[in-house]
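This briefing covers the strands, the helices and the ligand surroundings of one model. Please view the structure below alongside the notes.

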Amino acid sequence: MSQALWTQLKYFFPEKVCFGEPLKQYTSFGIGGPADCLITVETVAELRKVLAVMNDYQQTFFLLGKGTNVLISDRGIRGVVIRLAGEFTQAEVKGNELIAGAACPISLLLRLSIQHTLSGLEFAIGLPGSLGGAVYMNAGSKDVGIGSLVKEIHLVCPDGSYEIRSGENLHFSYRHSSLKPGEIITRIILKLREEGRKEELLSKMKEGYAHRVSHQPLREKSAGCIFKNPPGGSAGELIDLAGLKGFSIGDAQVSTIHANFFINQHQASCDQILRLMNLAQKKVHQFCGLALEPEVLIWGQSDDD
Ligand SMILES: Cc1cc2nc3c(=O)[nH]c(=O)nc-3n(C[C@H](O)[C@H](O)[C@H](O)COP(=O)(O)OP(=O)(O)OC[C@H]3O[C@@H](n4cnc5c(N)ncnc54)[C@H](O)[C@@H]3O)c2cc1C
């Protein structure tokens, strides 16, 4: 990142930028070195202004949601990381539609859907990310992704233009949407169903959460499932069958509860998690010939670079 860009960002957004900010405090893994520059943006107008400055300097950026699906290098990010806050955390209900800013936590949307007796989002109970991150990843369970509920999204493109895109045009598939890097979702409209009773909805969610707590290490530092499930199979089962459940490298451990969750037990480094991932891929390949594909997004340089 150039000194001139540094000066511009500091001049235009004095309250919003942090230089050399450690990113581990912004990730559920508790892993991640410093970003050259972390900018917290609170309105669409502010976001477009930031992008205009970035464009002037041809600076690319990373967009961080709640950091629950990223593994960030211990060496951090040489460049700019943008986070959404302020108006992007607000949500409202109109009829059977949930209209929410991209930085809205999924937990808030679940509360709103119960209050308004809207069903459809129950599968997302216990999902710790933001709505924007969930839509970008098409997060969900094995059978259903949040993409199936998306009516439309509002986004700001890297050149600063504003666009509305329909859910159909996002071509959702397993843990994938057609959004391109640099396209920033600002607002999302989810279409839910007005059905059932509040108590039924609540008990369904309680049941779902209890199931999660008993099958996943939700209280540990992780990024959820580290690998995508191969078609028709379970990455966790394969890692378990390859004999790695509970295996550790330093403070990085394959969870003893769910082998597709890798845990930062204390002070694990990004490198330790990556070594554990490589080992799991190698062992599973030796065992059944399948190549596990990471679900977690890996950002920044590794120690080998
Ligand atoms: C304990 C635990 C359980 C989990 N369980 C599940 C699960 O059951 N199912 C599942 O699918 N996932 C699960 N996850 C993974 C994760 O929670 C989801 O992928 C989540 O939706 C990511 O949201 P986030 O805000 O944390 O995104 P981040 O991790 O911050 O970012 C993920 C990606 O989304 C992009 N992104 C974020 N916000 C926006 C935006 N506004 N516009 C455009 N792109 C954006 C980022 O640039 C990045 O590429 C789990 C994670 C944990 C820690």
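I249 has A252 in β14 as its bridge partner. This bridge belongs to the pairing of β13 with strand β14 (residues 252-254), which is antiparallel and runs over two bridges. The model is predicted, with local features requiring pLDDT of at least 70 and side-chain atom pairs pLDDT 80 or more, while totals for chains, interfaces and linings use all residues. Residues are numbered from 1 along each chain as its sequence is written, and side-chain values use heavy atoms, with hydrogens and water left out.

**Three-stranded sheet**
- β13, β14 and β15 form an open sheet in the order β13-β14-β15, with antiparallel pairing; strands pair if DSSP finds at least two bridges between them.
- Its edge strands, each pairing on one side only, are β13 (248-249) and β15 (262-264).
- Strands (E, at least two residues) and helices (H or I, at least four) are DSSP runs, numbered from the N terminus.

**Four-stranded sheet**
- A mixed open sheet of four strands has the order β1-β2-β5-β3.
- β1 (17-22) and β3 (61-64) are the edge strands, and each pairs on one side only.
- On average, neighbouring strands of this sheet are turned by 35° against each other, direction ignored.
- Strand β2 (residues 34-41) pairs with strand β5 (residues 77-84) in the parallel sense over six bridges, and A35 has I77 in β5 as its bridge partner.
- Helix α1 (residues 3-12) lies across β1, β2 and β5 and runs at about 120° to β1.

**Helix packing**
- Helix α3 (residues 106-115) packs against helix α5 (residues 198-215) at an angle of about 150°, and their axes are 9 Å apart; axes are lines fitted to C-alpha atoms, for helices over the stretch in contact, with angles from 0 to 180 degrees between N-to-C directions.
- That angle makes α3 roughly antiparallel to α5, a term for angles over 145 degrees.
- In α3, L110, S113, I114 and Q115 meet K198, L201, L202 and M205 of α5, contact being heavy atoms within 4.5 Å.
- Five nonpolar, two polar and one charged residue make up the contact of α3 with α5; Lys, for instance, counts as charged and Leu as nonpolar.

**Ligand surroundings**
- The ligand has 33 residues around it, of which L63, G65, T68, S130 and G140 come nearest; a residue is near if one of its heavy atoms lies within 4 Å.
- Oxygen atoms of the ligand lie 2.6 Å from a polar backbone atom of L63, 2.8 Å from one of G67 and 3.2 Å from one of A134.

Notes
Angles under 35 degrees count as roughly parallel, over 145 as roughly antiparallel, 65 to 115 as roughly perpendicular and the rest as oblique. A polar contact is a pair of N or O atoms within 3.5 Å; within protein, one must be able to donate a hydrogen and the other to accept it, and residues adjacent in sequence count only if both atoms are side-chain atoms.
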